[in-house]
Amino acid sequence: MASFDVPVPGYSLAEDLARAGHATYLLDVRGWGRSTRPAALDAPPEANEPAVSSDEAVRDIAVVVAWIRGQRPGPIALIGWATGGHWAGMYAAGHADAISHLVMLNALYGTPGAWSLRSRLEDPARPGELSPSLGAYNLRDAPNLIRAWQASIPVPDKATWCDPRVASAYADATIASDPTSGQRDPPSARVPAGPLRDSFALAGGTRMWDAGAIRAATLVVRGSLDFWSRPDDLAALRRELVHTRRVEVVELPGAAHFVFLDRPEHGRERLVAMLRSFLAQP
């Protein structure tokens, strides 16, 4: 997984957790990383509906969790970022006994409200509805991946916020994970569009899971500069996570969407310390 294990010293979240004593596993849902690609990704994007639904992602999580528990019996901790946070919450809501700790970072919940990507995804002819032109997947080259990261950084000199070595390593690993990336010029990764479709629905108020069904100790974290999640999501989760063993809902001041890859002083150090503390509690 390119995001959680960037090969730059001091920036692998997986290594941070392993050094804290946790057996750490990384999961690529179908369509990403080293997992298999749906057939729709081998056709032109306009030939199919958005690929990889939340239901499919949760089925993949279920298979991996079952495998891990076969190696290490007992409930496990599950961490998800952005759409992965939504998937993690959705899985935890339906598998209460499998999860001891749940972490949702910069994730949407099914709460109506303004969303920064709405205008980009909305059908201009039918406000409130998803554009039919979304397609099965999008292509992302290195400049596009880095530009999406830097867009929410509120300073002119982006290098003071995110180390250029980390940005380059993240983009390179993402593109290299797609076995067809070299067939395009410039090289690019196919990114399934199903998460965009489902996130559009979540931000419009569609509920895909019930936070009240979660029993695991739960940590919800949002960077105050995040462009993906909203304060409304934190407020709704704070209200509805009523049956968890323990719940912490935190907004990190001055932290952005890629907080775990940003420089330590821009939220990464605080986030890692928070994760270590939360996961250390039984």
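Are Y170 and F258 buried or exposed? I found both Y170 and F258 buried; buried means under 20% relative accessible area, exposed over 50%, partly exposed in between (1.4 Å probe, protein chains only).

A note on the source: this is a predicted model, where local features need pLDDT of at least 70 and side-chain atom pairs count only at pLDDT 80 or more, while totals for chains, interfaces and linings use all residues. Residues are numbered from 1 along each chain as its sequence is written, and side-chain values use heavy atoms, with hydrogens and water left out.

**Aromatic pairs.** I counted rings next. The structure has 10 aromatic pairs. Rings of Phe, Tyr and Trp (its six-membered ring) pair if their centres lie within 6.5 Å; planes under 30 degrees apart are stacked, over 60 edge-to-face, the rest tilted.

I looked up Y109 and W209. Their pair is tilted, with 4.8 Å centre to centre and 55° between the planes. Y109 sits in the loop between β2 (99–105) and α4 (118–121), and W209 in the loop between α7 (194–203) and β7 (217–223), so I noted a link between distant parts of the chain, 100 residues apart. For helices (H or I, at least four residues) and strands (E, at least two) I used DSSP runs, numbered from the N terminus. Y109 is buried at 1% relative accessible area. W209 is buried too, at 7%.

Then I returned to Y170 and F258. This pair is edge-to-face: 5.6 Å centre to centre, 75° between the planes. Y170 lies in helix α6 (residues 164–176) and F258 in the loop between β8 (247–252) and α9 (268–280), so the pair ties together parts 88 residues apart in sequence. Ring pairs also link F4, W81, W149, Y170, F258 and F260 into a cluster.

**Strand β7.** How many of the seven residues of β7 are buried? I found seven of seven buried. On one side these are A217, L219, V221 and G223; on the other, T218, V220 and R222.

I checked the neighbours, taking two strands as paired if DSSP finds at least two bridges between them. β2 and β7 pair in the parallel sense over five bridges. V103 stands opposite L219 in β7. β7 and β8 are also parallel, over six bridges. G223 stands opposite L252 in β8. From β7 the chain crosses through helix α8 (residues 231–240) to β8, and this β-α-β crossover is right-handed (with the strands pointing away from the viewer, the path from the first strand over the helix to the second runs clockwise).
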